[in-house]
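Notebook open, viewer loaded. I'm jotting down what I look up as I go.

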Amino acid sequence: MELLVNLIINGLATGMLIFLLAAGLTLIFGLMDVLNFAHGGLFVWGAYAGIFTYMLTESFIVGIIGAIVTGALLGLLTEKFIITPVYGNHIQQILITLGLMLVLQELIKVVFGPNGVAVKTPSYLAGSWEIGDVIIIKYRLFIIVIGFVIFGIFQYMLKRTKIGLIVRAGVQDKEMAQALGIHIKRVFLYVFMVGAALAALSGMLMAPYSGVIYAEMGMEYAILGFIVVVIGGMGSFSGSLLAAILVGLAGSFMAYYVPVLSLAVNMILMAIVLIFRPQGLFAMRKERTS
Amino acid sequence: MTTLLTLNEVHTHIGQYHILQGVNFEAKEGQVTVLLGRNGAGKTTTLKTIMGLTPATKGDIAFRSQSIKKSPTYKVAKLGIGYVPENQGIFADLTVEENMKVAMRKEDTATLERQQYVLELFPDLKKFWKKAGGHLSGGQKQMLSMARAFINDSQLILIDEPSKGLAPIVVEKVMEAIVEMKKKTSIVLVEQNFIMASRIGDTYTLIDDGRTVNSGNMQDLIYDEELKCKYLGIG
């Protein structure tokens, strides 16, 4: 029983970190039809900016804020100067954002040094609780809670507020949203900034979880983010959460029971979804002009 | 009668294709102006060009004497032009209520009164208020699209083929609704169904191969067998 609980907590924590990364990706992908391969770069910049802010101020909360602000600012610059000229052209988007990913990754080495940085969990989140035979690592529970809180906030915003309605409408039919008087380009920019901030937050939260940060981690996690977006369905926030949990749990259980398959399990899941439901498990319906 | 919209020698290119090659017409306040022509003549592109969705490459478009040729779509809409596209443009995952809400630019008394008015005009929308737009029938989607275009005190509404794909009884309802809406706003209507167009239109513009070939009062066209035969294939 304790093994099961621990595997579930591990899987959920990993899933939540991937969810935070994928949530921004799915919004950017779904609303803006932009393939942003630089998302991992925003993730790693969030990790470094957040952790260095944390080290300087000795406040983990200030570190989180630092990561979010860095992500949003980088998102603003990326959308304005990199993405805007390539709207509507997927090939150019892939090339230019892959290039940006490499630039962001190398800039990390220039600014923060080429070596990995060890990260300590803040004292109040370090250690674990023992409930019977079950050991619950505090930081993992913290990540799970943060993940659900952010999901709740975004679900509320998307379902219950006007701005959420506008985003959901824009995801489904950009032309019609504009014809109703919505300045969709401005919405794009805000969504991009929010997506980038979520990636940066994910990077910051990942740092104490993995214990070390390094420039190349962005690309590794971005691939997981893309897998989750494909499984969950483009533009679907709930789909991303469920797919991220699925990927997290599958990874956690496979790593224990069938370690040889643990690296391949995400690809297998994605392949199954692509064969039987290529639009993803929870894809939003789109109605296009004929 | 005040002229609301003027198109003067409008040309539009989509990619390498020269779709509109000189469209001219005026839409007057309080009237229904019908754009007629065969399939592929350029009627839908004309509406899209007015909205800025396929921007004009030559000529001018003026709304209340103000040029909107270079205005982005959202600004054209904010000036007071509503748009009901051929595919209705319903946000399938949003409920009827949410579709209406997303269209509202203000939530003041006047807007809520207009909402009340359209719900009386289209009682089905009230009945399916919490239903997802994607689950509505074709007729209900058409009604929702028209209601959405009307909600913001639009001075002019562009409606593209409202009868397309609908059962005759639903077409009748849609037509009655347009006649009712005409009392409160002006309309530019694209319609293939000549019987419907002739019953509700005040003026017409014939478009053929992307060009305006004839304009005038609808009553004159009804009795002009030669023109109907040449450009609409009727008679």
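This is a predicted model: local features need pLDDT of at least 70, side-chain atom pairs count only at pLDDT 80 or more; totals for chains, interfaces and linings use all residues.

I checked residues 187-209 of chain A and got 100% helix and 0% strand. The end C-alpha atoms of that stretch sit 33 Å apart. Then I did residues 221-249 of chain A, which come out at 86% helix and 0% strand.

**Helix α6 of chain A, inside its own chain**

I looked at how helix α5 (residues 138-160) and helix α6 (residues 162-172) of chain A meet. Their axes come within 5 Å and cross at roughly 80°. Angles of 65 to 115 degrees count as roughly perpendicular, so α5(A) and α6(A) get that label. On the α5(A) side, I noted A:Met157, A:Leu158, A:Lys159 and A:Arg160 making the contact. The α6(A) side supplies A:Ile163, A:Gly164, A:Val167 and A:Arg168. Sorted by class, I get four nonpolar, one polar and three charged residues for this contact.

**Helix α6 of chain A, across to chain B**

Next I followed α6(A) over to helix α3 (residues 96-103) of chain B. Here the axes come within 10 Å, and the crossing is roughly 100°. That again makes the pair, α6(A) and α3(B), roughly perpendicular. From α6(A) I listed A:Lys162, A:Leu165, A:Ile166 and A:Ala169, and from α3(B) I listed B:Glu98, B:Lys101 and B:Val102. The classes for this contact are four nonpolar, no polar and three charged.

**The whole A/B contact**

How many residues of chain B are in contact with chain A? I get 23 from chain B, against 21 residues of chain A. On the chain B side, the elements giving two or more residues are α2 (73-79) and α3. That side has 12 nonpolar, four polar and seven charged residues.

**Nonpolar core**

Last stop was the largest nonpolar core, which has 153 residues. A:Ala200, A:Val228, A:Ala244, B:Ala147 and B:Leu158 touch the most other members. Helix α8 (residues 184-210) of chain A gives the largest share, 17 residues.

Leaving out residues up to four places away in sequence, B:Leu158 touches B:Leu47, B:Ile50, B:Met51, B:Ile81, B:Gly82, B:Tyr83, B:Val84 and B:Val188.

Notes. Residues are numbered from 1 along each chain as its sequence is written. Chains are lettered from A and ligands numbered from 1 in the order in which they are written. Axes are lines fitted to C-alpha atoms, for helices over the stretch in contact, and angles run from 0 to 180 degrees between N-to-C directions. Helices (H or I, at least four residues) and strands (E, at least two) are DSSP runs, numbered from the N terminus. Angles under 35 degrees count as roughly parallel, over 145 as roughly antiparallel, 65 to 115 as roughly perpendicular and the rest as oblique. Two residues are in contact if their C-beta atoms, placed from the backbone, lie within 7 Å. Ala, Val, Leu, Ile, Met, Phe, Trp, Tyr, Cys and Pro count as nonpolar, Asp, Glu, Lys and Arg as charged, and the others, Gly among them, as polar. A nonpolar core is a set of buried Ala, Val, Leu, Ile, Met, Phe, Trp, Tyr and Cys residues joined through C-beta atoms within 7 Å. A residue is buried if 20 or more other C-beta atoms lie within 10 Å of its own, exposed if 12 or fewer, and partly exposed in between; C-beta atoms are placed from the backbone.
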